[in-house]
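Me: I'm new to reading protein models, and I'd like a close look at one part: the nonpolar core. Could you walk me through it and then point out a few things elsewhere in the chain?

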Amino acid sequence: MHVKNPAYTCASRKSSRSVLAISALVVFSAAALLVGLQHPTVALAKGGKGGGDDLGVVSGGGNGLASLKTVAVPRPTNLARFIKDEQAAIALGKALFWDQQVGSDGQSCASCHFHAGADNRSKNQLDPGLRAVPPDATFQLGGPNYQLKASDFPLHKLANPNDQNSAVLFDTNDIVSSQGVRTFAFTNVIVGNSTDAGISIPDPIFSVNGVNVRRVEPRNTPTMINTIFNFRSFWDGRARSEFNGVDPIGNLDPGATVLHVAASGQAPESVSLIDGSHPELALDNASAASQAVGPPLSDMEMSFAGRTFSLLGRKMVAARALALQHVATDDSSLGSLSAMPGTGLKTGYKAMIQAAIQPEWWDSSSVIQINADGSRTILSAGAAAAQNRFSMMEANFSLIWGLAIQMYESTLVSDDSRVDQFLEGNHGALSAQEQRGMGIFTGKGQCSKCHAGAETSSASASSVQANGLVSGGSDTGFFNTGVRRINDDLGIGASIGPLNLPLSAANPAGAQGAFKTPGLRNVELTGPYMHNGGMATLEQVVDFYSRGGDFAKENAAVLSSRIKNLGLSADDKAALVAFMKALTDERVRLERAPFDHPELFVSNGSIGSTSTILADGTGNSVQDTIRVPAVGKSGVSAAPPNFLQ
């Protein structure tokens, strides 16, 4: 392995925000109340009546801004039925999120979320458009192992950035995203080994001269900081608010069940968390858990093709936590467990699960046999070992994984930007230009119509609670903004799951090309932007919205009515960008607690270029690697570079 170790430290962190005493009733009451409140009057940058360029009063009604501290972290109503010790669950989730043993070949969740919760790498980060209809396997920009550069952006380049009808200088439906696993067919986990057994398969898309590089996902990687506020997660909303304990799609997979021990000493039984048969076990407000169970089995992201969660459970339950990576002794939630100067923690995942999760979800001596059709047979304790036989903890690992990652992500709340401070009454927190930008954001720029409320997203749990899952005839918080042609990616207009059910809760045909509105805190740090990663700078994003999108005509039948030519001046645009940069929480920029993290090794493309590449003799390339050092609660003194900086 070729390793670079520059003065480079990146991360996503864990928040000090307390979630211990908030019940679901309080969460929803507070969320509903917040949307109706009138937010504080803010100082004007200059005299005026508000609207247009001036600020005036920032009011509520769902669109007004407020400090994120005013929003309670959404929590599942029945969380106590699953979580035994919340701090232990947070530690478990953080360890699992950053642990490179989880992936089939060294990928962790953090491999794509290590920089302000997102990904700042720029080599081998292109996908040719595999979510297009039909899928596009042909690269138009660079190709596999390409080193992106600033001049490549935006991916839809116009002669006049202020005029969507001006000459198109360049256009591609390629996606800027994150590299994941190499192309292998999974054969087995090897207990005690971080890498799974598999058979390398020649990849006709992600290869250079017949030598495989890592595959790249077909959508841009969003930050997971503040993702806890999403009602639905992923760009297309497929990670549902109701967690079925098995996969991301909630009640769109009605056959999903988990194992439960009704009373100590009894054999486990299969139960549904989503069909209403056990309302006391339903997991609402759990889109973070639903999202978390997607990547570990994805053959684009973390897994060789064909791995199951039970087999991943077999591997991880037996593993020492973070065995390959150093953990700072002052890590905000793992420090007391650090094995420094050695790697990892002093404990293993089995003990961490036992401390964090209620025993009714793992404590049984029965042997669980998972049959070829996915059904389970419960065998007596002591049944002979076999490839398809598991402990209950292993068999329920998807449930445990999702809950633990959600608990960790519930702490990753960045609520102390200068905008938050300003909205709390510190009127010196923003410059005159930033205040003017806030006025444009809530006024003539119309940004707050979609980036609404304290969360700066109308796709938040509080927004759905106030407005319903469907509002204005469309899925609340999802919009077609004309970034790409509809057939480049159907977004929430697609169907999914064993029954091929629509993702949209509204009209699927009218939802084509619509995507979730992301929150904007720390947006300065999380480029590239949009679901296709097609814009490298905030200036390019503002140009896009000012001119009324790129494919408004092509998407006219489903384009959001909010997309129109805004005609922003150069000064308007500069003020708006300045305001968005003021949404950065310095704890995130400098990786201070709760955003500190363990050490991480991330692939940075392969050694070579798009035409020549260093092969390892197995059909795969030798990867270039960046070391992200462990960071404790005090963070770093110098911020790591952002995308293409």
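Reply: Happy to! A nonpolar core is a set of buried Ala, Val, Leu, Ile, Met, Phe, Trp, Tyr and Cys residues joined through side-chain atoms within 4.5 Å. Buried here means under 20% relative accessible area. Please keep in mind that this is a predicted model.

With that in hand, let's start in the largest nonpolar core, which has 65 residues. Among its members, Leu-92, Tyr-349 and Trp-401 touch the most others. Several elements supply at least two residues each to this core: the helices α2 (86–98), α3 (287–292), α4 (309–317), α5 (349–356) and α7 (397–409), along with the strands β21 (600–606) and β22 (623–628). In soluble globular proteins, nonpolar side chains tend to be buried together.

Now zoom in on Trp-401. Leaving aside residues up to four places away in sequence, Trp-401 touches Leu-96, Val-102, Cys-109, Ala-292, Val-293, Pro-296 and Phe-309.

Next, some details of the backbone. A cis peptide bond joins Phe-153 to Pro-154, with omega about -10°. You can find Pro-154 in the loop between β2 (126–127) and β3 (156–158). Another cis bond runs from Gly-527 to Pro-528, where omega is near 5°. Pro-528 belongs to the loop between β20 (515–516) and α11 (538–546).

Stay in that loop for a moment, as Met-530 also lies between β20 and α11. Its phi is near 75°, a positive value in a residue other than glycine. Is Met-530 buried or exposed? Met-530 has a relative accessible area of 13%, so this residue counts as buried.

Leu-644, in the segment after β22, is another residue other than glycine with a positive phi, here near 60°. Leu-644 has a relative accessibility of 29%, so this residue counts as partly exposed.

Finally, how far can you trust the picture? The average pLDDT of the protein is 91, and 90% of the residues score at least 70. Over residues 1–62, however, the pLDDT is below 50. That stretch does have 188 contacts in the model beyond near neighbours in sequence. Still, where pLDDT is low, the predicted coordinates should not be read in detail.

Technical notes: Residues numbered from 1 in each chain as written. Predicted model: local features only at pLDDT ≥ 70, side-chain atom pairs only at ≥ 80, totals over all residues. Heavy atoms only, no water. Buried < 20%, exposed > 50% of the residue type's maximum accessible area, 1.4 Å probe, protein only. Helix = DSSP H or I, 4+ residues; strand = E, 2+ residues; numbered from the N terminus. Contact = heavy atoms within 4.5 Å. pLDDT = per-residue confidence, 0-100.
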